[in-house]
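Dear colleague,

I am handing over the structure we spoke about, and I would be grateful if you could look through it alongside these notes.

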Amino acid sequence: MAPYESDDTTTAREADEPRTGRRRAARYVVPVTVMGVAAATIGLVPAIASSGDPDLPEITAAQLIEKIAKSDVEQLSGTVKITTDLGLPNLGGLENSLASGAMGQGEDGGSSADPSAKLTELASGTHTLRVAADGPDRQKVSLLENAAEYSLIHDGKDVWGYDSGSNEVYHGTVDASGEDRERQPPATPEDFAEEALKAVDDTTSVTVDGTAQVAGRDAYKLVVKPRQSGSTVGVISIAVDHETGMPLKFTLTPSSGGAAVVDVGFTKVSFDKPAASTFDFTPPKGAEVTEDGELERGREHSGKPENAPKSEEDLAKGLDGLKMLGEGWNTVATFDTGGEGGLPTGEAGGDLDGFLGSLGDRVEGEFGTGTVFSTRLVNALFTEDGKVYVGAVTKDALVKAADAGK
């Protein structure tokens, strides 16, 4: 089927407005610490593999975005495959040790069932998830592993995490609004699509590029591309279910080419009401149960400096004058760390400067000198005078942003 017509992105943006405040299906409750830079990065992610070419009525991009916005799916179950390839350097397991320490796990406390650490595994590699949802108060996502399974269940005010490998259980609660204790990590194509469509503005090209079949269902293919040069985002492709308007597959390919940075899609899906027993959970006999409050106290006494940030909110408060430079897909976030000299050195840092420097590229500009750390999607520039520039832009674009922000 030939590609459908392009649409003015202003119209597409207007069609997107009804999404505000609407409850969406398949959102998973986890503590605030689960969402960091990696999760936010994954939130832009990934590529359509079509297994057919269904003959569907023609639709414009604005109409398709509106169809997504009006989708009211709240009951579903299925299997999702997610592949993430940010091109991060292999640190021989060091990154996992650092992550565990940051989460307050290890010998000084913590639980393998804590969602804040467990779901960060989705930031790399290929994973299979089983998902289910029955309205805004009941969801479940299970991460299938080689010889074990990790499940996160939200049932009313209770949130349960269970690691079958260690037989450990996490328990937390949410208030009526769920605002101060819940977070929804990207787990389905719908979650990723919602984040990507937030970027639709006059710097974006949005088209409908034929049809596909995903998980046995007919779908339209929505294609989102930056109009600007300098972005590391190449193409975002979203397969949208013809009947329900729910995204079934989400793929982001980088501007540098190659495999998708992230590819998320249903391999099986049903929109029937899941059995009530799906969301039932009782800690197994002999399981070690850790309450969320205990984890918080463990983190506070994990040996970190007293002034170390304990949450995203604390971390945000510690950023000195966060600013946004540029527009659209070329937006760069910058902040001042408050210290000069670039990467950590000296007695406290040991040879950390040399080690980290070996992972990055030295750059120079009107701003001075610095080091750029690159992934296939997000790049970060650390300058010698203590400033940081981060964005889904190329190394050259970061240097230009640093020069402009001098």
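What follows is a description of the chain as a whole, then of its cores, a few of its elements and some individual residues.

Please bear in mind that this is a predicted model, in which local features need pLDDT of at least 70 and side-chain atom pairs count only at pLDDT 80 or more, while totals for chains, interfaces and linings use all residues. Residues are numbered from 1 along each chain as its sequence is written, and side-chain values use heavy atoms, with hydrogens and water left out.

The chain has eleven helices and 18 strands, taken as DSSP runs numbered from the N terminus (helices being H or I of at least four residues, strands E of at least two). Of its 406 residues, 45% count as buried, where buried means under 20% relative accessible area, exposed means over 50% and partly exposed lies in between, with a 1.4 Å probe and protein chains only. The accessible surface of the chain comes to about 19100 Å², and 48% of that belongs to carbon and sulfur atoms; these areas come from the Shrake-Rupley method with a 1.4 Å probe, and for residues only the protein chains shown count as cover. Among contacts (heavy atoms within 4.5 Å) between residues at least 6 apart in sequence, 65% join residues at least 24 apart.

In soluble globular proteins, nonpolar side chains tend to be buried together. A nonpolar core is here a set of buried Ala, Val, Leu, Ile, Met, Phe, Trp, Tyr and Cys residues joined through side-chain atoms within 4.5 Å. The largest such core has 54 residues, and those with the most contacts inside it are Leu129, Leu222, Ile236 and Ile238. Strand 9 (residues 233-241) gives the largest share of this core, five residues. A second, separate core of twelve residues includes Val363, Ala397, Val399 and Ala402.

Val363 also has a place in strand pairing: its bridge partner in strand 16 is Gly370. Strand 15 (residues 361-365) and strand 16 (residues 368-374) pair in the antiparallel sense over five bridges, pairing being counted if DSSP finds at least two bridges between two strands, and a hairpin of two residues joins them.

The structure also holds four aromatic pairs, that is, rings of Phe, Tyr and Trp (its six-membered ring) with centres within 6.5 Å, called stacked if the planes are under 30 degrees apart, edge-to-face if over 60 and tilted otherwise. Tyr162 and Phe281 form a tilted pair, 5.8 Å centre to centre with 45 degrees between the planes. Because Tyr162 lies in strand 5 (residues 158-163) and Phe281 in the loop between strand 11 (262-270) and strand 12 (288-291), this pair ties together parts that are 119 residues apart in sequence. Both Tyr162 and Phe281 are buried. The rings of Phe373 and Phe382 have centres 5.5 Å apart and planes at 85 degrees, so that pair is edge-to-face; Phe373 counts as buried at 19% relative accessibility, whereas Phe382 counts as partly exposed at 31%.

Helix 6 (residues 189-197) is largely enclosed by the rest of the structure, because eight of its nine residues are buried.

Finally, Ser231 is found in the loop between strand 8 (217-226) and strand 9, and is buried, with a relative accessible area of 5%. Leaving aside neighbours within four places in sequence, Ser231 is in contact with residues including Pro226, Trp329 and Thr394.

With best wishes
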